[in-house]
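Take a look at the sequence and the model below.

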Amino acid sequence: MTTTANRRLSTSAYDFINEPYLLSLLERRSDPGEVREVIAKSLAKEPLTVEETAVLLGIPSPELWEEVFQAARQLKRDVYGNRIVLFAPLYIGSECTNDCLYCAFRRSNREVVRRTLTPEDIEAQVQQLLDRGHKRLILVFGEHPTYSPTFIAECVRRVYAVRRPKANIRRVNINAAPMDHEGFAEIKAAGIGTYQIFQETYHHETYAKVHPRNTRKGDYLWRLDALSRAMEAGCDDVGIGALFGLYDWRFEVLGLVSHAWHLQKHYNVGPHTISFPRLRPAAGVKLDETYRVSDEDFKRLIAVLRLAVPYTGLILTAREPAWLRQEVMEFGVSQIDAGSRIEVGGYTEAGDAQVLEREQFELGDLRPLDEVIRQLLVDGYIPSFCTACYRLGRTGEHFMEFAIPGFIQRFCTPNALTTLMEYLVDYASPETRAAGMKLIESELAKLPDGPRKNALIERLRLIQETDQRDLYF
Ligand code: SAM
Ligand code: SF4
């Protein structure tokens, strides 16, 4: 166990993540009666305790798993409707002083090309992203003294400052190494959206095995409590995650749920999102396959997370192949990245093929944004670039999306439709535009008549006939 003093930290998640207890919960075999009781609680939109989550993880038969999948589908529809939020990652720099065994950016890897974007490079990358239709980005950094909070804050400001005739980036999230309170306050002041960081594995022994102790990241507790420091410094919108494939996936699910409860209990707000990346091949990396997560178990872990934390967004990344993304979307995913390139400089410099020695790991879904959007439309989802709540201060404790009855119908769906219309008018291919217009028609038909629907129809008209953009409720 590591003991980094978390200066001014009022509470540590460490007390919540009781490893021997979580491991003992995984020994149980659940019977159908208790499984159905837990499913019913979840369908009533109540978050599950760690023990209840373990009941789902202890399901012995494929038939009962089908019931979990069915419930996850239903809960997703009830809570989120059919929206899928789209974003793109922007890798800023691949310098790193850590030595995480699974990552191509680790310091001992001689095969990877190191690079940090200059301010001009950032501008060029963001222009490309805007010209493809993106509105939401996550900036990704290695851990290195160069990438100080001041540097990160400056990158955020630069991204927001890039303008195209009818577009700018409306939300910048961050995935960067843990900071102290002052660091978090500094990046918050630059206007970040979500601060995201993955514990990678909640299992101590495995954590120590893949993160050498003589590195910054070797300090389990400093990383675990990063989200608590972020909260205390005013970043009330945080994302957690685990890198699946390092240890038993069921243990990591319990770790994530415990961490979510810790944040909810101490800061009155749980994580905004949970990510569940699976290990991917990477240049100069030899992966240990002992805990490889099969596609079937991957579906299970998404469905269990959906049921355990009904109000937390689930992020499915382009690490996964297109066919699998399409299949597991319905189990409760609410956000995906699309058209992603993860080579530093990849949006202007990479061709169609991946340049593995410039990437952190290999991507599974390289489809362009337009193709991803078209597929979503064909499958009946509303692709959304909405950022309204963050910009109107509806975040953290005040995030009312789920608390106010009818909120989704009054705000989320209309905002998803206006951002979709912007995409269709400004960036879409003819086929995607046709599919999108059809979907907007059918979604409008579902909305109740009244002033809100009329206002939405007027906004959709303005987007089609004028240069007015960014019209949100
Ligand atoms: N350096 C920061 C850190 O480690 O937190 C920034 C994040 S890193 C660039 C983003 C995430 O990618 C890591 O947290 C890890 O979970 C994931 N990752 C690293 N290597 C990977 C691999 N081979 N396959 C899949 N995901 C990987
Ligand atoms: Fe560095 Fe992050 Fe890669 Fe670890 S996962 S080597 S900290 S970039």
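**A walk through the chain**

The chain holds 19 helices and 11 strands. Its radius of gyration is 21 Å, close to the 23 Å that the globule rule gives for 473 residues, so the chain is as compact as a globular protein of that length. Along its principal axes, the C-alpha trace spans about 60 × 55 × 40 Å.

Keep in mind that this is a predicted model. How high is the average pLDDT of the chain? The average is 92, and 94% of the residues score at least 70. Residues 1-5 have a pLDDT below 50. Beyond near neighbours in sequence, that stretch has 8 contacts in the model.

Now look inside. Of the 473 residues in the chain, 49% are buried. Next, take the contacts with a separation of 6 or more. Residues 24 or more positions apart account for 78% of them.

The domain assignment gives two entries: domain 1 covers 75-367, and domain 2 covers 403-465. Their centres, taken over C-alpha atoms, are separated by 29 Å. Which residues meet where they touch? The contact takes 6 residues from domain 1 and 8 residues from domain 2. On the domain 1 side, 2 of the touching residues are polar and 4 are charged, with no nonpolar residues.

Zoom in on I408. This residue is found in helix α17, which runs over residues 407-426. Leaving out residues up to four places away in sequence, I408 touches G81 and T413. I408 and G81 are 327 residues apart in sequence. In space, they are 7.8 Å apart, C-alpha to C-alpha.

Finally, turn to the ligands. How many residues surround ligand 1? There are 21, and the closest are C103, L243, R280, A282 and F361. By class, this shell divides into 14 nonpolar, 3 polar and 4 charged residues.

Which residues are around ligand 2? They are C96, N98, C100, C103, F105, R106, G142, E143 and K217. This shell has 4 nonpolar, 2 polar and 3 charged residues.

Terms used: Residues are numbered from 1 along each chain as its sequence is written. Chains are lettered from A and ligands numbered from 1 in the order in which they are written. This is a predicted model: local features need pLDDT of at least 70, side-chain atom pairs count only at pLDDT 80 or more; totals for chains, interfaces and linings use all residues. A residue is near a molecule or strand if its C-beta atom, placed from the backbone, lies within 6 Å of it. Ala, Val, Leu, Ile, Met, Phe, Trp, Tyr, Cys and Pro count as nonpolar, Asp, Glu, Lys and Arg as charged, and the others, Gly among them, as polar. Domain bounds come from an automatic or database domain assignment. Two residues are in contact if their C-beta atoms, placed from the backbone, lie within 7 Å. pLDDT is the predictor's confidence in each residue, from 0 to 100. Helices (H or I, at least four residues) and strands (E, at least two) are DSSP runs, numbered from the N terminus. The radius of gyration is taken over C-alpha atoms; the globule rule is 2.2 Å times the number of residues to the power 0.38. A residue is buried if 20 or more other C-beta atoms lie within 10 Å of its own, exposed if 12 or fewer, and partly exposed in between; C-beta atoms are placed from the backbone.
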